[in-house]
Amino acid sequence: MNDIVEKLQESFGMECILSQHEAAHRPASVWMAGAALHCKALARPKSTEELAEIMRICHAYAQPVVPHGGLTGVAGGAKVSGDEIAITLERLNKIEEIDVTNKTVTVQAGVILQDLQQKVADQGFLFPLDLGAKGSCMIGGNIATNAGGLQALRYGVMRQLVLGLEVVLADGTTISSMNKMMKNNAGYDLKQLFIGSEGTLGIITKAVLRMEDAPQSRNTALVCLASFQDAVQFLHEAKKILASLLTTYEIIWQDYYQLMTSAPSPYSPPLPQNAPFYVLIEALGQNQEADSALFEGLLESCFEREIITDAALAKSQQELDWFWGIREQVELIFQVHHPVFLFDVSLPINTMESYVEEIKGKLQNRFEQVSCYAFGHMGDGNLHLFVSTNENHADTRHQVEEIVLTPLTAIGGSITAEHGVGLEKKMWLHLSRSQEEITLMKTLKTALDPKGILNIGKILE
């Protein structure tokens with residue numbers, strides 16, 4: 001057995017440090033069915049202090065490590081090789097404090113997002129980060145990737161929800177900045193370095209997060225629109241009329257709606273399948289009667305003015321699940337197509353339609369068989385694209401990535417909005433970041449991880 005693995009097992013025990021053989025009984029990813037975790041060893045620290053000591057030993061041995069959360073990422077940020085030690089935060093899973101007065105919750109990094117949502121809901125609060133993977137993803141990973149999700153339009157992305165952090169650095173030093181205040185202008189805001197850094201600068205162990213009051217009203221509708229410009233106008237009207245109640249504004253192109261409302265999908269179409277665009281809109285508030293009147297008034301006004309052509313209100317939990325299932329159950333795509341290349345891009349709203357048309361045209365010109373589905377968080381400028389060419393060669397993937405990502409530079413877009421860079425997008429980082437920015441990123445990486453042992457090869461070449 002490798003010297004460092006023996007050293008770690010002697011220091012922390014076999015329950016904490018699993019051997020390569022034991023780790024192989026675990027999955028490598030939520031999305032990779034049947035793929036086993038292949039690593040030198042798997043560390044399972046149960047406290048910040050234990051993780052710090054593990055990192056001190058790994059630093060002394062110059063041993064590369066890869067932090068693991070819920071393994072729900074799709075950009076390869078948690079991919080580990082046979083000569084690296086994976087460090088899972090699964091045992092750091094306590095919700096330490098719900099502070100009613102300050103509306104904060106203090107959690108360890110291994111807490112499952114859905115568990116946190118339920119716990120604070122029991123106390124009358126809302127933790128507004130909402131993702132399709134909420135039943136598996138962990139808070140530490142959400143912070144490390146600066147997750148966005150379905151309610152970012154109103155509440156912001158993870159960066160806006162984090163008040164304080166505790167982080168273990170590459171050499172085992174613990175940085176504790178567990179701030180509960182909204183304002184702290186005393187020097188550099190160090191926590192921002194680690195939010196979105198994908199475990200390349202430090203390992204997040206604990207966080208202080210903002211909570212909101214739990215909503216007492218929920219109004220949701222699926223609407224049809226005749227054009228993308230109508231979708232833009234409807235968004236503007238919703239912002240004016242609903243104001244702070246507007247929580248979600250999801251746009252769906254026709255082909256994705258047709259796919260998700262036709263066999264083998266279990267969802268029938270609540271609206272006709274022939275509209276060019278669909279929007280799933282949701283508003284959360286504190287007064288069901290008043291908020292419903294406002295919401296329905298928006299729909300009626302926009303229908304009379306021909307901004308929307310049809311609408312279906314969710315009047316029951318069953319209908320709510322139905323509408324949201326059409327938007328969220330993206331795994332149905334994998335029942336119809338294989339392989340599927342996933343993209344999440346950020347771009348100005350006024351460029352979305354032409355961008356999608358451009359890449360669809362280029363894909364159709366390049367490949368004999370191609371499907372491209374577009375949908376996403378229009379309200380905060382985030383689109384998801386699922387592309388299938390019925391080919392799974394490395395060259396095919398590269399060509400698809402080139403077609404999808406290259407146009408973003410000219411329109412001021414980003415190659416990733418909420419999934420991160422990881423391994424899969426790092427070769428395209430220059431499309432969204434200048435050489436000066438990339439150089440500064442490398443300087444920060446060297447300063448915080450001089451031996452280069454934290455999540456090697458992720459984000460930066």
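Colleague: How much space lies in the largest cavity?

Modeller: About 60 Å³. This is a predicted model, so local features need pLDDT of at least 70, side-chain atom pairs count only at pLDDT 80 or more, and totals for chains, interfaces and linings use all residues. Residues are numbered from 1 along each chain as its sequence is written, and side-chain values use heavy atoms, with hydrogens and water left out.

Colleague: What counts as a cavity, and what as a pocket?

Modeller: Both come from a 1 Å grid over the protein atoms alone. A cavity is a set of points where a 1.4 Å probe fits but cannot get out. A pocket is an open set with protein on both sides within 12 Å along at least five of seven lines. Lining residues have an atom within 4 Å of a point. Grid points are joined across faces, edges and corners, and the volume is the space filled by probe spheres set on them.

Colleague: How many cavities of 30 Å³ or more does the search find?

Modeller: One, in the whole structure.

Colleague: Which residues line the largest cavity?

Modeller: F341, L342, F343, R397, E401, L405, E424, K425 and W428. Strand β16 (341–346) and helix α15 (394–405) each supply at least two of the lining residues. Helices (H or I, at least four residues) and strands (E, at least two) are DSSP runs, numbered from the N terminus.

Colleague: How does that lining divide by residue type?

Modeller: Five nonpolar, no polar and four charged. Ala, Val, Leu, Ile, Met, Phe, Trp, Tyr, Cys and Pro count as nonpolar, Asp, Glu, Lys and Arg as charged, and the others, Gly among them, as polar.

Colleague: What else is in α8?

Modeller: L193 lies in that helix, which spans residues 191–194. L193 is partly exposed, because its relative accessibility is 31%. Buried means under 20% relative accessible area, exposed over 50%, and partly exposed in between (1.4 Å probe, protein chains only).

Colleague: Which nonpolar surface patch includes L193?

Modeller: One of about 510 Å², made by Y188, L190, L193, L440 and L444. Patch residues have over 30% relative accessible area and no salt bridge; nonpolar side chains (Val, Leu, Ile, Met, Phe, Trp, Tyr) are joined within 5 Å, like charges within 9 Å.

Colleague: And salt bridges, how many?

Modeller: The count comes to 24. The rule is a side-chain nitrogen of Lys or Arg within 4 Å of a carboxyl oxygen of Asp or Glu.

Colleague: What does D189 pair with?

Modeller: K191, with the closest N and O atoms 2.9 Å apart. D189 is partly exposed at 37%, while K191 is buried at 11%.

Colleague: Is D130 buried or exposed?

Modeller: Buried, at 15% relative accessible area. D130 bridges to K134 with 3.2 Å between the closest N and O atoms. K134 is partly exposed, at 24%.

Colleague: How far apart are K362 and E358 along their helix?

Modeller: They are four residues apart in α14 (residues 352–366), so about one helical turn separates them.

Colleague: Which residues are linked in a network?

Modeller: R26, R44 and E90, through salt bridges.

Key:
Accessible areas come from the Shrake-Rupley method with a 1.4 Å probe; for residues, only the protein chains shown count as cover.
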